[in-house]
Amino acid sequence: GGGFLLTPLLKIIFGLPYPIAVGSSLLQIFLTGSLSSWKHWKQKHVDPILGMMMALGALCGAEVGIRLMKLLDSSGTVLINNRSLPLLDLVLTGSYLVLMISIAVSVWKETSTDSTGDEIAATTLSQRLSTIKLPPLLSFSRSGISSMSLWVPILLSVGVGILTGLLGVGGGFVNLPLLIYVLGVPTIIAVGTSSFQILFAAGYGAYRHATQRHVDLIVVLFLTLGAFLGVQLGVSATRLFGGKKIRCHYASWWCF
């Protein structure tokens with residue numbers, strides 16, 4: 001979705017308040033995500049059933065994240081080293097830092113191993129989750145998952161949705177490794193399915209933030225113009241790299 005870079009940059013470089021940065025980022029992600037999802041759909045990189053299940057959980061989580069932001073925004077300031085900082089800024093900046101470092105280290109560790117295979121083997125966690133037989137059970141054929149409880153992807157995506165509503169990210173920076181390492185989805189399908197799921201979560205988040213006047217349409221316009229070009233290049237690039245190379249470049253962005 002791009003929000004893992006966009007939202008902090010809007011805050012740090014351009015000085016936008018976090019609520020405006022979050023709302024504007026989500027609307028831009030929704031607009032560019034529409035093009036990205038359509039292109040991945042045409043290339044059959046999307047598991048529509050899994051994507052819809054995760055979108056359902058993400059919508060619920062996004063509402064929780066939006067309400068949490070409102071609570072933090074009204075909680076005043078905290079004093080650190082004789083400096084008064086808004087609690088919202090402190091929590092969101094700290095959350096970005098922790099998430100970026102932890103995800104970068106995890107993905108980089110896997111991609112830097114001696115394994116030459118393009119796709120990772122099923123992880124212990126993904127194998128354990130497949131043993132959960134809480135009905136209803138669904139088959140996600142495009143993802144290579146023969147049977148999985150409906151509640152597994154829904155509950156996992158609730159957490160992604162909370163990040164969407166609170167941090168102004170599409171959720172892809174967490175959703176992508178979650179699909180690959182936790183659910184065992186092939187990387188190319190994970191990229192397309194994550195893009196598909198982001199469309200719903202970001203759209204709902206943008207709407208809710210817009211009702212609270214947290215969207216700057218001028219900012220969104222210029223961001224979208226640049227992002228549409230990036231989407232064209234990014235979708236084409238997925239056909240040039242194998243799954244492991246995609247994960248390696250993904251981790252490199254975090255390290256950068």
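Q: If buried means under 20% relative accessible area, exposed over 50% and partly exposed in between, how does F200 count?
A: The model is a predicted one. F200 has a relative accessibility of 31%, a value that falls between the limits of 20% and 50%. F200 therefore counts as partly exposed.

Q: Among contacts in the protein chain between residues at least 6 apart in sequence, what percentage joins residues at least 24 apart?
A: The protein chain has 256 residues, of which 47% count as buried. For contacts between residues at least 6 apart in sequence, the percentage that joins residues at least 24 apart is 77%.

Q: Is α3 roughly parallel or roughly antiparallel to α8?
A: Helix α3, residues 48–73, packs against helix α8, residues 187–211, with the axes 8 Å apart and at an angle of about 30 degrees. Angles under 35 degrees count as roughly parallel, and those over 145 as roughly antiparallel. The angle therefore makes α3, relative to α8, roughly parallel.

Q: How many residues of the contact of α3 with α8 are nonpolar, polar and charged?
A: The crossing of α3 and α8 is right-handed. On the α3 side the contact includes L50, M54, L59 and I66, and on the α8 side F196, F200, Y204 and R208 are among the residues involved. By class, the residues of this contact are 14 nonpolar, 5 polar and 2 charged.

Q: How many residues apart are W41 and F196?
A: The structure contains 2 aromatic pairs. W41 and F196 form a tilted one, with 5.8 Å centre to centre and 35 degrees between the planes. W41 belongs to helix α2 (residues 18–42) and F196 to helix α8, so that the pair links distant parts of the chain, with a separation of 155 residues.

Q: How is the aromatic pair of F196 and F200 classed?
A: F196 and F200 are 4 residues apart in helix α8, so about one helical turn separates them. Their rings lie 5.3 Å centre to centre, with 70 degrees between the planes. Planes over 60 degrees apart fall in one class, and the pair of F196 and F200 is accordingly edge-to-face.

Q: Which residues do ring pairs link into a cluster?
A: F196 pairs with W41, and F196 also pairs with F200. The cluster linked by these ring pairs consists of W41, F196 and F200.

Q: Which residues does a cis peptide bond join?
A: Most peptide bonds are trans. In this chain, P136 is placed in the loop between α5 (124–129) and β3 (137–140). With omega at about 0 degrees, the cis bond joins P135 and P136.

Q: Where does R213, with its positive phi, lie?
A: Most residues other than glycine have a negative phi. R213 has a phi near 60 degrees and, at 75% relative accessibility, counts as exposed. R213 lies in the loop between α8 and α9 (217–237).

Q: What is the relative accessible area of K44?
A: K44 is not a glycine, yet its phi is positive, at about 60 degrees. K44 is found in the loop between α2 and α3. K44 is exposed, and its relative accessible area is 60%.

Definitions and conventions: Residues are numbered from 1 along each chain as its sequence is written. This is a predicted model: local features need pLDDT of at least 70, side-chain atom pairs count only at pLDDT 80 or more; totals for chains, interfaces and linings use all residues. Side-chain values use heavy atoms; hydrogens and water are left out. Axes are lines fitted to C-alpha atoms, for helices over the stretch in contact, and angles run from 0 to 180 degrees between N-to-C directions. Helices (H or I, at least four residues) and strands (E, at least two) are DSSP runs, numbered from the N terminus. Angles under 35 degrees count as roughly parallel, over 145 as roughly antiparallel, 65 to 115 as roughly perpendicular and the rest as oblique. A crossing is left-handed if the near helix is turned anticlockwise from the far one by less than a right angle, and right-handed if clockwise. Contact means heavy atoms within 4.5 Å. Ala, Val, Leu, Ile, Met, Phe, Trp, Tyr, Cys and Pro count as nonpolar, Asp, Glu, Lys and Arg as charged, and the others, Gly among them, as polar. Rings of Phe, Tyr and Trp (its six-membered ring) pair if their centres lie within 6.5 Å; planes under 30 degrees apart count as stacked, over 60 as edge-to-face and the rest as tilted. Buried means under 20% relative accessible area, exposed over 50%, partly exposed in between (1.4 Å probe, protein chains only).
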